[in-house]
Amino acid sequence: MEPKEDEISLDSNIPETYTEMSTPIEKDNLKVRRRNVIETINFASKEENTSDSESNVPLVRMSDSTKAWYDDIIPEIPDIAEYSLSEPLTNRERMKISVIRGSVVNPNLTLGELKLLGCSSEGLVNDDIRRILWPKLLRLSEESNFSVTGLETIHSHIPNEVYQQILKDVARSGSHISQDATQHEIDHFQEQLTQLMCWVLHKHSVLNYYQGYNDIAATVLLVMGLQNGLHVLESISLEFLERFMEKTMEKVNQELFYIFALLERVHPTLLEHLENVELFPHFALAEYTTWYAHKYAENRKLLHRLFDYFLGSPPLMPLYLSTVIVAYRATEIFNTTPDMGHTHKVLCTLPDDLPFETLLIEAKNLYRQYPPESISNDVTEYDRKRKCKEQEWKAKAEASRQEREKQRQLRIIQSTRRIPYRIRSYKTITVVTILALGLYAFLRSSSGLN
Amino acid sequence: MSNRDPDNLISTNDETFDYLFKIVLIGDCGTGKTCVVQRFRSGTFIERHGNTIGVDFSMKTVLIDDKKVKLQIWDTAGQERFRTITQSYYRSANGVVVVYDITKRSTFLSLQHWVEEVRRYTSSHVLLILVESLREVEKGEAEALCQYLPEVLQVVETSAKENTNIDSVFFYLASELKRRHENRQINANGDEVVRLGASKKLSSCSSCSYKIF
């Protein structure tokens with residue numbers, strides 16, 4: 001379990017010279033992340049009229065071999081006795097805290113080793129430690145500690161429909177705060193949560209709000225508090241969530257198929273089962289886009305531990321964890337009524353007793369075994385199949401509607417044809433009558449001759 | 001590992017049913033779709049529920065004229081950006097419930113848009129019901145709108161909090177779907193014409209005996 005991928009990805013929307021100035025990094029390790037042009041333009045225009053300093057934004061994802069401590073500051077992790085504990089620590093947690101304390105004092109600790117502290121068993125254990133180390137994991141500079149003012153009116157700077165959406169979702173973020181919070185506490189929490197999100201969205205107008213962002217923001221707020229949370233959420237948004245915050249969710253819709261591409265490798269029979277019930281991997285949407293904050297809002301201990309893990313992992317890691325969880329629950333899934341609805345429901349409902357520490361290790365191993373680049377072709381193929389299916393359904397719906405419409409019109413035409421049809425029958429009667437009369441006359445005249 | 005599906009735990013012999021219909025709930029954000037489903041499914045009103053991300057599934061079997069009618073209910077997220085995901089779930093829907101909040105005009109103005117969505121992705125057999133998620137407001141306007149939306153079968157005012165008409169919506173939908181399904185079987189040649197817009201008031205539909213299964 002040592003830190004892997006020595007890649008550095010660089011946000012292409014930042015002028016390259018700017019990046020070079022701020023970080024001395026090996027040029028050959030640069031891996032430029034894909035961005036569309038419109039975003040770049042927006043960002044550039046945004047930069048000019050933003051008064052806030054952009055220097056707090058982590059411009060690059062650093063190599064794991066970079067030193068964890070910068071600005072010559074080694075953070076101090078308080079002793080166990082100083083923690084605000086809601087429940088007593090287990091032995092494993094005590095051990096982990098001493099490991100963290102022991103590692104942190106090393107002035108040469110690398111970023112990879114710091115990430116490993118967050119990923120390995122028990123994570124960063126306690127919110128007091130998280131408050132110190134999350135900003136370090138995100139490489140926030142000390143400047144980000146300066147307090148930001150004007151948060152009360154920040155919402156007036158973002159589009160009203162976005163603000164209204166945020167208000168709705170904040171009002172429904174109740175599961176993040178304790179059941180017995182007073183109305184005052186609830187109001188205060190909701191106000192801060194709104195400010196936190198509005199600040200980030202205002203600063204980066206390229207980021208589009210999505211439902212679920214509130215769950216991540218609430219988690220950040222609970223650990224970091226409002227002032228320290230601002231730059232943490234900003235950094236998480238830029239580094240990890242930006243893919244969910246594009247104009248549409250199309251990219252997410254596609255990326256969810258990583259789960260299928262991975263299942264194809266780790267549990268092909270299960271994948272076959274899921275495909276047979278015509279299931280899409282949408283069950284994992286909330287897990288992926290909220291880092292489980294939507295599902296485990298009330299299980300803070302687990303949730304914060306998962307955040308430790310994801311903060312030290314690449315952005316697609318939640319999909320690997322989802323895959324591992326689905327594979328772990330294979331028996332349960334096979335025992336479920338084999339239809340789309342039931343299977344979707346079971347997969348959406350995560351049990352509280354999943355052995356997460358083991359699953360997290362498995363997810364990490366899976367990532368190492370099949371990194372995203374190695375399976376991205378399959379993902380594209382699954383997504384192409386989905387699009388085909390959707391087109392097919394759309395065409396079917398269209399055909400059925402047209403058929404219906406045609407029948408209705410036919411009925412109208414038939415009813416207007418009534419008179420011509422009658423005329424035709426009159427003709428028949430007339431002709432038959434004339435013929436009969438003619439025959440009768442002929443018979444009469446022929447008998448008259450004799 | 002045990003089967004954790006809460007629906008399966010409630011009624012173990014759930015596998016048997018006479019009819020199975022799929023119902024999709026759509027409508028703007030915060031109009032109370034999840035509350036409506038929750039109230040119908042479990043009879044409770046949850047103040048502290050979160051927003052729906054993507055789609056949720058739930059199920060309930062109701063008894064109509066001594067027949068077990070199983071309703072599969074898909075509850076969708078309202079935010080525009082999830083449309084690309086929720087669209088997949090309109091497929092083969094038998095009924096669609098469009099929810100709007102009578103106290104928020106914008107949710108009412110979106111109705112046209114939602115109906116368009118239904119037109120685009122569902123077959124023409126689908127039954128459509130408009131649900132006002134909060135009552136105590138005149139509903140003249142909604143009925144006026146329905147003149148322009150011939151697909152809409154019924155407008156029902158509801159309140160998930162006070163449990164007003166929630167069950168009726170689903171019972172009505174279930175009995176209507178059952179009735180049409182039977183008619184379709186009798187007139188296999190498609191003689192039956194679905195007369196959209198020519199529906200009766202919910203209160204006058206007393207011929208069916210409702211019983212919660």
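Helix α18 of chain A, residues 356-369, has 14 residues and reaches 19 Å from its first C-alpha to its last, close to the 20 Å expected at 1.5 Å a residue. The model is predicted.

**Helix α18 of chain A**
- The buried residues of α18(A) are A:Phe356, A:Leu359, A:Leu360, A:Ala363, A:Lys364, A:Leu366 and A:Tyr367.
- Viewed down the axis of α18(A), these buried residues fall within an arc of 160°, so they line one face of the helix.

**Helix α3 of chain A**
- Helix α3(A) covers residues 91-104, and its 14 residues reach 20 Å from first C-alpha to last, close to the 20 Å expected at 1.5 Å a residue.
- Buried in α3(A) are A:Glu93, A:Lys96, A:Ile97, A:Ile100, A:Ser103 and A:Val104.
- Seen down the axis of α3(A), the buried residues fall within an arc of 130°, so they line one face of the helix.
- The face turned away from that buried side carries the exposed residues A:Asn91 and A:Met95.

**Nonpolar cores**
- The largest nonpolar core has 148 residues, of which A:Tyr213, A:Leu241 and A:Leu321 touch the most other members.
- Domain 1 (67-137) and domain 2 (250-388) of chain A both give residues to this core, so it lies between them.
- A second, separate core has 29 residues, including B:Val37, B:Val99, B:Val156 and B:Val169.
- In soluble globular proteins, nonpolar side chains tend to be buried together.

**Annotated span in chain A**
- An unreviewed UniProt entry places the feature "transmembrane region" at residues 425-443 of chain A.
- In the model, residues 425-443 of chain A are 100% helix and 0% strand, and the end C-alpha atoms lie 27 Å apart.

**Positive phi in chain B**
- B:Asp66 is not a glycine, yet has a positive phi of about 65°.
- B:Asp66 sits in the loop between β2 (55-64) and β3 (67-76) of chain B.
- With 63% relative accessibility, B:Asp66 counts as exposed, the cut-off being over 50%.
- B:Ser92, also not a glycine, has a positive phi of about 55°.
- B:Ser92 lies in the loop between α3 (83-86) and β4 (95-100) of chain B.

Definitions and conventions
Residues are numbered from 1 along each chain as its sequence is written. Chains are lettered from A and ligands numbered from 1 in the order in which they are written. This is a predicted model: local features need pLDDT of at least 70, side-chain atom pairs count only at pLDDT 80 or more; totals for chains, interfaces and linings use all residues. Side-chain values use heavy atoms; hydrogens and water are left out. Helices (H or I, at least four residues) and strands (E, at least two) are DSSP runs, numbered from the N terminus. The expected span of a helix is 1.5 Å times one less than its number of residues. Buried means under 20% relative accessible area, exposed over 50%, partly exposed in between (1.4 Å probe, protein chains only). The arc is that of the directions from the helix axis to the C-beta atoms. A nonpolar core is a set of buried Ala, Val, Leu, Ile, Met, Phe, Trp, Tyr and Cys residues joined through side-chain atoms within 4.5 Å. Domain bounds come from an automatic or database domain assignment. UniProt positions are given in the numbering used here, feature names are shortened, and annotations may be inferred rather than shown by experiment.
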